[in-house]
Amino acid sequence: MNKRVISLISLCTLIGVNATSFAFDASKMGGDVEVGFKVKDYEEGGASRTFREGNVSLTLKPNKDEGLAFKFGFADRVYNESKHNDKNPAKNKKEQSREMSEFYIENLYTFGKLMFRPEIGLKYTDFHNDDKKLDSAKEYRFYPKFTYTFNKNWSLYSRGFVAYTELKDPWKNGDKYGYKHRLEGGARYTFNRKHALSIAYADDTSGVNKFDYDVDGSQIRFRYHYSPTRNLKFVPFYFKSIDGERISTTGVKKEVSRDKLGMNTHYNITKDLQAIVMFNYEWRDDNTDKGGDGNKNNFFYSGGLKYSF
């Protein structure tokens with residue numbers, strides 16, 4: 001067996017799932033189905049760019065009262081670009097697309113006040129008409145999620161993932177392998193049922209991507225959690241960039257900054273059906289004071305429906 005292929009049994013072993021856990025009573029099964037979309041509009045490199053994505057995900061739990069869950073996801077994303085000051089518009093418009101498939105196994109462990117929810121799996125991306133002539137990419141991801149509750153007011157949490165990545169045929173010079181992570185850790189203070197505040201530190205890095213440079217960045221993230229009713233929740237947020245840089249393969253470094261302002265909204269239409277909406281605006285500064293590429297501000301919004309059973 002190819003050593004890069006992660007079998008279902010191996011995934012279960014890594015997060016401590018016993019094979020007997022797969023024995024289940026159909027009447028106890030639970031989970032959810034979610035369908036949604038994402039849209040992003042931005043300016044970059046003298047062109048107007050957008051992406052549109054449709055996505056669907058399925059979570060299955062052999063026993064809805066226990067922590068073991070199997071997650072499946074699929075998304076289809078289409079990029080469009082239109083350059084400005086163009087004398088021949090037909091030649092300066094392009095479209096790219098990619099299909100993304102995901103599979104994860106998650107389990108839940110409780111140790112007193114500590115709740116540990118590890119998740120492990122694979123994300124596979126298939127590129128079409130990519131401007132870098134990429135074929136496909138794999139990410140073997142691990143999510144070390146936990147929550148530690150001190151009391152009714154204070155808690156600590158972590159989210160995000162670490163990953164081993166494979167990029168097939170980058171620039172037609174052979175495959176590329178490396179490491180990436182997107183991690184966040186923070187504290188949450190709950191005032192009462194309606195109000196809470198969380199502050200977190202986030203760090204992103206990627207040594208393998210479709211561009212010829214490595215990416216590093218960190219932020220302080222502020223979120224305010226407001227639930228005017230038990231069926232409605234608003235989470236306005238502000239992410240402030242602390243540090244960020246891109247390093248090319250030739251060693252050239254460029255400072256970058258990413259600040260973001262937006263809001264998440266969750267509304268329970270019924271006890272089983274939930275609407276989820278998010279929008280944000282991101283300020284991007286790519287070293288404009290030192291001859292960089294200029295700002296690349298963008299609007300992003302998404303929406304979805306989640307049905308639980």
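These notebook entries record what I looked up in a predicted model of one protein chain.

**Entry 1. Confidence**

I began with the pLDDT, which averages 86 over the protein chain. A score of at least 70 is reached by 83% of the residues. I then noted that residues 1-6 have a pLDDT below 50, and that this stretch has six contacts in the model beyond near neighbours in sequence. I also noted residues 288-292, where the pLDDT stays under 50. For residues 288-292, I found six contacts beyond four places in sequence.

**Entry 2. Strand pairing**

I next followed strand E9 (residues 176-190) to strand E10 (residues 195-206); the two run antiparallel and are joined by 11 bridges. I recorded E9 and E10 as a hairpin, with four residues between them. Within this pair, I located alanine 187 opposite isoleucine 199 in E10.

Which strand does E10 pair with over 12 bridges? I found strand E11 (residues 213-229), again in the antiparallel sense. Here leucine 197 has tyrosine 224 in E11 as its bridge partner.

**Entry 3. Surface patch**

I then turned to the surface, where a nonpolar patch is formed by Val33, Val35, Val56, Phe74, Tyr267, Ile269, Leu305, Tyr307 and Phe309. Together these residues have about 750 Å² of accessible area. Two or more residues of the patch come from each of strand E1 (30-44) and strand E17 (298-308).

Why does leucine 305 count as partly exposed? I assign leucine 305 to that class because its relative accessibility is 41%, and the class runs between 20% and 50%.

How values were computed: Residues numbered from 1 in each chain as written. Predicted model: local features only at pLDDT ≥ 70, side-chain atom pairs only at ≥ 80, totals over all residues. Heavy atoms only, no water. Patch = residues over 30% accessible without salt bridge, like charges linked within 9 Å, V, L, I, M, F, W, Y side chains within 5 Å. Areas by Shrake-Rupley, 256 points an atom, 1.4 Å probe, with all protein chains shown as cover. Salt bridge = Lys/Arg side-chain N within 4 Å of Asp/Glu carboxyl O. Buried < 20%, exposed > 50% of the residue type's maximum accessible area, 1.4 Å probe, protein only. pLDDT = per-residue confidence, 0-100. Contact = heavy atoms within 4.5 Å. Pairing = 2+ DSSP bridges.
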